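The sequence and structure are shown first.

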Amino acid sequence: MKVGKKLIIGFMIIASLVGFVGIFSVISHNNIQTNSKIITKVLELDILLDESLVELLALIHSENVEDYIREKSDYEQTRAKFDALFKQLNNEYTKKLQDLGFNTETFCKNADELAKISNRLIAHHKRSLAKNRASEEKESLEKELRHNILSALVALQDSALTRDVELMRYKSKEAIYQYKDQKHGVEWLDSISKVKDNSLIVPSQDISKDLNAYERVAQDLCKIIVEQKTIETQEHLVFGELKELINRLEENQAGIVNKIKTESQTLARNTHLTMFVVIAGAFLVSIILGLTIAHSISKPVANLAQTTQAIAQGDFSVRVDVATTDEIGELATSFNKMAEDLQRTTTSIDNLNDANQQLQAIQRELEVTVEKLTVANRELADFVYITAHDLKAPLRGIGTLAEWISTDYADKFDEEGKKQINLLIQRSQRMYEQITSILRYSEIGRNTYKREKIDLNKLVEEIISDIAPLENIQITIADKLPTPVCDKIHLTQIFYNLLSNAIKYADKPDVQVTIGCVEDDGFWKFSVADNGPGIEEKYFDKIFKIFQTLSAKDDHKGIGIGLAIVRKVVEVYGGKIWVESTPGQGTTFFFTLGKHKEPTGIETEKEHETNIIC
Amino acid sequence: MRPILFVDDDDIDVMTIKRVIRSLGVPNQLVCRSDGEEALEYLRNGSDEKPCLILLDLNMPRMSGWELLEIIITDDVLREIPVVILTTSNKRDDIDQANKFDPPIVGFLTKPPGYQKFVEMIRRQLEELNFIQLENATK
């Protein structure tokens with residue numbers, strides 16, 4: 001799988017987990033919302049029930065028919081609302097309510113029973129109201145009767161009946177006033193019959209007729225009272241039932257509300273817990289997934305790096321073990337191919353290395369030989385130096401003795417003898433000069449030298465004044481001269497020799513010598529030009545060799561060491577010297593000095609000079 | 001008058017310097033010793049008068065001029081005597097080293113080829129040190 005694909009799949013999994021969390025939270029939210037709706041409805045139902053009960057009580061206690069009719073209508077309206085709401089709740093959330101343990105059937109039954117009891121109660125009340133109306137009618141009747149009885153009693157005045165009639169009248173009065181009390185009604189009836197039985201005289205027809213009517217009323221009253229009692233007892237019973245039922249309904253409702261509340265809380269808690277678990281899970285899964293992907297990417301890379309290191313350390317036999325099909329796998333395949341090529345190549349490199357080692361051995365031998373040669377060369381130089389040096393003392397002795405002989409015994413010599421002793425003195429002096437020159441020449445590059453800033457303008461002036469040229473000689477410094485870092489003696493040797501040569505070989509009455517200097521890239525180019533006899537081109541090389549001069553041996557113009565010394569000094573500083581000349585017109589010597597060049601071939605140790613005898 | 005001490009192992013040089021001193025008319029006695037040890041023996045001998053000048057060769061058997069100088073500079077009396085180096089060498093190392101012994105070194109002479117040059121050199125050196133008067137030097 002490609003690395004990109006791996007990453008995309010990883011991101012998709014994480015994204016789907018996040019999506020799941022979102023969907024879950026939406027569902028949980030919906031559940032909680034439904035629960036709260038149910039709670040609202042059930043509470044509404046509860047309110048309606050309470051309202052209906054209050055209205056029912058008001059209905060039952062209504063005093064008159066108008067009140068009764070109004071209260072009944074209110075009660076029925078509330079009941080209808082209650083029924084409708086319950087029906088709606090039942091329809092919409094049947095399953096939910098069942099899950100909650102809300103027994104709709106029981107609730108319906110209870111509600112129906114409540115309705116029935118209520119209706120019964122209402123019917124009783126209606127009847128009771130009707131009885132009340134009846135008793136009112138009886139009272140008006142009784143008033144009429146009493147009036148009649150009173151008028152009859154007037155007629156019975158002075159008779160034995162009077163007292164009983166009075167009692168009857170009193171009792172009836174009492175019974176009517178308290179018609180609801182059965183005792184009074186019965187007492188009243190008793191007193192009427194007593195009046196009838198105890199009459200000593202036969203009452204008149206009118207009176208007996210009234211008494212009978214009176215008795216009938218009393219009997220009716222008694223009946224009404226009994227009936228009223230029954231109704232009251234029944235009402236009482238119905239109220240008890242109703243109370244119980246209401247309690248049951250309310251308990252049921254409260255249970256449901258509590259259940260829903262608990263369930264909602266649990267649901268919320270569960271939702272939080274689940275969300276936490278899902279988020280933690282998603283987090284964990286993304287970490288594991290990320291690590292896995294990272295590992296699946298980094299492991300082959302690490303493997304590759306390890307192998308690369310092994311190869312870098314020279315183990316060409318190792319290969320990358322990467323089985324993935326992504327870019328890293330492709331890289332590993334290419335890498336393995338490269339390692340194979342490299343292994344093949346190293347075999348030939350090994351051969352090359354062998355050859356190289358042989359070459360190095362040869363080179364080491366060569367270095368040893370060079371070292372030996374250097375030592376031998378130095379010894380030879382030392383030998384030359386020491387020999388020349390040691391020759392000086394005896395030669396000086398010879399010269400001194402010859403001088404003494406020529407002066408002390410001058411009168412003993414004839415002309416020939418004088419000539420010979422003078423030649424001896426001259427030749428020994430010349431030999432001394434040659435030895436001194438050899439020493440000076442071989443000293444260049446042998447000794448340690450000082451390195452200091454030399455102002456050539458000043459130094460050349462000093463050299464010119466040392467040479468002390470004659471009046472016909474004009475030495476010109478054409479350019480401003482630099483201040484190189486050199487050994488003063490070396491620079492003196494260069495300019496002294498070049499200038500003195502120019503003067504020494506001058507052949508014209510007006511001698512012109514010009515010193516110039518131009519700056520070039522990294523070095524100075526000096527020139528010393530004269531208007532002397534010039535040098536033929538074929539001698540250009542020869543003049544720089546030691547003891548080579550273009551004049552005869554005894555010309556006394558020179559022994560042929562000056563230019564050799566100049567060349568050696570210039571070369572020690574890494575410079576070059578050459579000559580340009582037109583015979584008959586003049587010669588120009590050029591030489592260069594490196595601006596930052598360290599002198600080479602100069603020994604910095606003195607160990608080779610210890611044997612020198614002064 | 002204090003003597004002049006000449007230290008050199010070369011016979012001809014000894015002859016030369018004797019002749020030079022005589023020809024320059026230097027009145028001081030010339031004492032010659034052929035190496036450093038002999039010179040030191042002379043210098044440390046209490047009965048001998050200390051020289052007023054030492055003419056010293058550098059390269060000598062047994063004890064060289066430098067070795068002698070090393071000893072002289074540790075001696076409170078001897079290091080007061082002026083020394084003129086008289087050598088065959090004109091090597092820079094020697095000249096550089098001579099600068100380290102200043103004092104007592106007051107001159108550094110390279111033996112020239114030829115007697116006349118030698119005379120001139122010594123005369124100039126002694127004049128410089130006020131040893132001889134100019135009128136003496138002419139002869």
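## An exposed pair in chain B

Asp76(B) has a relative accessibility of 54% and therefore counts as exposed, the cut-off being over 50%. The model in which this residue is described is a predicted one. Asp76(B) forms a salt bridge with Arg79(B), and the closest N and O atoms of the pair are 2.9 Å apart. Arg79(B), at 37% relative accessibility, counts as partly exposed, because that value lies between the limits of 20% and 50%.

Another salt bridge joins Lys111(B) to Asp8(B), with 2.8 Å between the closest N and O atoms. This pair links distant parts of the chain, the two residues being 103 residues apart. Lys111(B) lies in the loop between strand 5 (105-110) and helix 5 of chain B, whereas Asp8(B) lies in the loop between strand 1 (4-7) and helix 1 of chain B.

Are these two residues buried or exposed? Lys111(B) has a relative accessible area of 2% and is therefore buried. Asp8(B) is likewise buried, with a relative accessible area of 2%.

## The bridge between chains and its network

Over all chains, the structure holds 17 salt bridges. Two salt bridges are found across the interface of chain B and chain A. In one of these, Asp13(B) pairs with Arg396(A), the closest N and O atoms being 2.9 Å apart. The pair crosses from helix 1 of chain B, which holds Asp13(B), to helix 8 (residues 327-408) of chain A, which holds Arg396(A). Both Asp13(B) and Arg396(A) are buried.

Which residues are linked with Arg396(A) in a network of salt bridges? The network comprises Arg396(A), Asp8(B), Asp13(B), Asp57(B) and Lys111(B).

## The interface of chain B and chain A

In the contact between the chains, 23 residues of chain B meet 23 residues of chain A. Together the two chains bury about 2200 Å², of which 51% is on carbon and sulfur atoms. On the side of chain B, Thr88(B), Lys91(B) and Arg92(B) lose the most area to chain A, together accounting for 30% of what that side buries.

Six residue pairs are in polar contact between chain B and chain A, counting pairs with both residues at pLDDT 80 or more. The elements of chain B that give two or more residues to the side touching chain A are helix 1 (11-24), helix 4 (92-100) and helix 5 (115-128). Helix 1 gives the most, with five residues. By residue class, the side of chain B that touches chain A divides into six nonpolar, eight polar and nine charged residues.

## Helix 5 of chain B

Which residues of helix 5 of chain B are buried? They are Tyr115(B), Phe118(B), Val119(B), Met121(B), Ile122(B), Arg123(B), Gln125(B) and Leu126(B). An α-helix has 3.6 residues a turn, so residues three or four places apart point the same way. Helix 5 of chain B is followed by Asn130(B), which has a positive phi near 60 degrees.

Conventions
Residues are numbered from 1 along each chain as its sequence is written. Chains are lettered from A and ligands numbered from 1 in the order in which they are written. This is a predicted model: local features need pLDDT of at least 70, side-chain atom pairs count only at pLDDT 80 or more; totals for chains, interfaces and linings use all residues. Side-chain values use heavy atoms; hydrogens and water are left out. Contact means heavy atoms within 4.5 Å. Buried area is the accessible area (1.4 Å probe) that two parts lose on being put together, summed over both. A salt bridge is a side-chain nitrogen of Lys or Arg within 4 Å of a carboxyl oxygen of Asp or Glu. A polar contact is a pair of N or O atoms within 3.5 Å; within protein, one must be able to donate a hydrogen and the other to accept it, and residues adjacent in sequence count only if both atoms are side-chain atoms. Helices (H or I, at least four residues) and strands (E, at least two) are DSSP runs, numbered from the N terminus. Ala, Val, Leu, Ile, Met, Phe, Trp, Tyr, Cys and Pro count as nonpolar, Asp, Glu, Lys and Arg as charged, and the others, Gly among them, as polar. Buried means under 20% relative accessible area, exposed over 50%, partly exposed in between (1.4 Å probe, protein chains only).
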